[in-house]
Amino acid sequence: MQDGRAPRVKNRAPAAIQITAEQILREAQERQEPTFRAPKQRVEDFEELSEYQGRKRKEFEERIRRTRGNIKEWLQYANWEASQNAFDRSRSVFERALDVDPRSIQLWLSYTEMELKARNVQHARNLFDRAVTLLPRVDQLWYKYVYLEELLQNVPGARQVFERWMQWEPDDKAWQAYIKMEQRYNEQDRASAIYERWVAVRPDPRVWVKWAKFEEERMRLDKAREVFQTALEFFGDDEEQVEKAQAVFGAFAKMETRQKEYDRARVIYKFALERIPRSKSAGLYASYTKFEKQHGTRTTLENTVLGKRRIQYEEELAHDGRNYDVWFDYARLEEGAWRDLRDEGATAEEMDAAASRVREVYERAVAQVPPGGEKRHWRRYIFLWLDYALFEEIETKDYNRVRQIYQTALKLVPHKQFTFAKLWLMFAKFEVRRLALPAARKILGAAIGMCPKEALFKGYIDLEVELREFDNVRKLYEKYLEFDPSNSAAWIRYAELEAQLQDFSRTRAIFKLGVSQSPLSMPELIWKAYIDFEIEEGERENARELYEKLIQQSGHVKVWISYALFEGESIPVPRAEREEEEEEEDEEAEVKMTPGDPVVARQVFERGYKDLKSRGLKSERVALLETWKSFEEAHGSPDDVAKVQAMMPIVSKRRHVDQETGQTVEDWDLVFADDEREANPTSFKFLQMAHAWKARAAAAGGTGGGASGMLSGFVAAASASRREQDQRTEDDAENSDAASSRADDDDNDDDD
């Protein structure tokens, strides 16, 4: 071995003879040397006995001389002397040991056990007397002493020992042992007196309960009730003391229940629950609930369950006072209890008490103001104020309190940072219900002046509309639009109001002013509403002008489609003509319609297609062509449908080189016929002729007819292409003439 390390094993090959672990263990067991055992000596006469005893005593004396404080050596020495029937020597050894350690419990117990084995009862008594005098707090010595006296049928002596022991005020087990001894000898009065002394020394609730139960078992119910009453008087009305006395109340009520005194038990439960805090009486409430389920009526049971739920809510709120969901549930619970009392026809005092409980819950809830100045923390909290106000208004009819609630809530909200329109509106509606319209207008006016908001304007406007104060509504809309001129919905509602009031000139003016606003939220809404209004009025020219303006601004495919469909659909005749006809005819007559012009609609489609084509919007062109095709199927001829169908694109695969990676990428693309014609006119014409030849060949039922057939196919395709070009040229000429004539008309109108 080098440096304390294990030697290296050079030969790692398996041994020729293998051995198992079992064999190794067996050999190790066989090779163990036997332990040394002292030889057994056989004493033949008294001389050898005395020599043996002298030698052993010398050994013991030597051992205790070396280890004087080792009680185990002393005990072995004393027990050996006792085994030799040398009790005087054994007592001497024990006494010497007690001089070394007089507080060793094991030493005293061994000493008394030696005397009892030797039937020296008086010696044992004396030893127990000395032990308990020296160690009065060691219960084991007292128990042994009492057991000895009772074993000797010396009951007065045992009672005397217990009396000495009780003077030291031991733990409850000692008192219980004393009482059980008296019960074994049927000394019930003595046991009752011991209970009385016990509660005087240690007045715990369980001690009182044990005493009362003992008296109940003796069938002395009056004495048991007296014990309970004394216990309750002892604990008094202090909150902490009453909380300690829960066990006394519960045991008292259960005793009355066992005696079928249900009214007494119910009074005890209620008396206790009124004085103990709700959050600390869950066990007592559980017992009360069980009692009511077994012996109560429906009303008492509901009240019990109500109290139990109150405790649960109080515990949750003690953990988190700003848990507003719990406050809502708690308030609904109290409101439900108030309504149940009202339905049952309770007295005025009971109703007032229930209402005060509801108010207390709400007041505690609204006192939990959210921290910080963020509105999201206030959203749930503000509904507590609203529910509180609704309860006072609907249930208790205390309108002055309702007004105070709303005013307090409005003072509490930081309106410069955020506000709640619902709070202002509900306060105003409350004043309207109280027929105080000036107060309601003042509230909403203050809200708009302090913290203008869209919901406030809407609510105020709806209120004035319901009151049919349209002048005020107009003023509010003006304020609303001054506050937010980009709100398209506000412009639309304002115009609809004027339309409902049959003031169409104001409606048109409002729409014009609305669409002229530069920043607009969702401008398509107000444009659509304006166009729909003109269509409803039967003003096709005005609607056409609006479409033209909208196309100039946006040029969206949906605008083109809507414009084209508008030109092709029928609209009502102008309102002036309708009113004249209504005066002459019946009111139930159908409204006359002005038919649309498919030609103009087709021109709009073509304009839209060209505009989208110029901007390279392929998907939008497809959407427009699909709508155009549907329109032609409904209003056009088969040739018109075929023309639109020929403009439909095909989906083709195109290859191009990616600029980033440099690789060839295949993409699917929409290929339009007119785009290909303009980009590659020669190849397009050739392909067109080939397709025409193939179509003619398929119609003839053969695949070819020589060179003349192929040539005729090309000629036919060329002639068809030429006719199509001529037709397109004529259409363009007509469109240009129509546009020039319309421009001349516009110039004449401008001159006029």
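Are Tyr362 and Tyr388 buried or exposed? Both Tyr362 and Tyr388 are buried, where buried stands for under 20% relative accessible area, exposed for over 50% and partly exposed for values in between, with a 1.4 Å probe and protein chains only. The structure is a predicted model, in which local features need pLDDT of at least 70 and side-chain atom pairs count only at pLDDT 80 or more, while totals for chains, interfaces and linings use all residues. Residues are numbered from 1 along each chain as its sequence is written, and side-chain values use heavy atoms, leaving out hydrogens and water.

The chain holds 37 helices and 4 strands, taken as DSSP runs numbered from the N terminus (H or I of at least four residues for helices, E of at least two for strands). Of its 752 residues, 36% are buried. Contacts are heavy atoms within 4.5 Å; among those between residues at least 6 apart in sequence, 49% join residues at least 24 apart.

Met351, Ala354, Ala355, Val358, Arg359, Val361, Tyr362, Ala365 and Val366 are the buried residues listed for α19. They lie on the same side of α19, because they cover an arc of only 155° around the axis, the arc being that of the directions from the helix axis to the C-beta atoms. An α-helix has 3.6 residues a turn, so residues three or four places apart point the same way. On the face turned away from the buried side of α19 sit the exposed residues Glu349 and Asp352. The cover over the buried residues of α19 includes α18 (324-344), α20 (379-396) and α21 (399-412).

The structure contains 38 aromatic pairs, meaning rings of Phe, Tyr and Trp (its six-membered ring) with centres within 6.5 Å; planes under 30 degrees apart count as stacked, over 60 as edge-to-face and the rest as tilted. Tyr362 and Tyr388 form a stacked pair, at 5.0 Å centre to centre and 10° between the planes. Tyr362 belongs to helix α19 and Tyr388 to helix α20, so this pair ties together parts 26 residues apart in sequence. Trp378 and Phe418 form an edge-to-face pair, with 5.7 Å centre to centre and 65° between the planes. Trp378 lies in the loop between α19 and α20, and Phe418 in the loop between α21 and α22 (421-433), so the pair ties together parts 40 residues apart in sequence. Trp378 counts as buried at 3% relative accessibility, and Phe418 is buried with a relative accessible area of 9%.

Helix α8 (residues 155-166) gives a second example. Its buried residues are Val155, Gly157, Ala158, Arg159, Val161, Phe162, Trp165 and Met166, and what covers them includes α7 (139-151), α9 (172-184) and α10 (188-201).

Finally, Thr112 lies in helix α5 (residues 105-117) and is buried, with a relative accessible area of 4%. Beyond its neighbours within four places in sequence, Thr112 is in contact with Ala124, Leu127 and Phe128.
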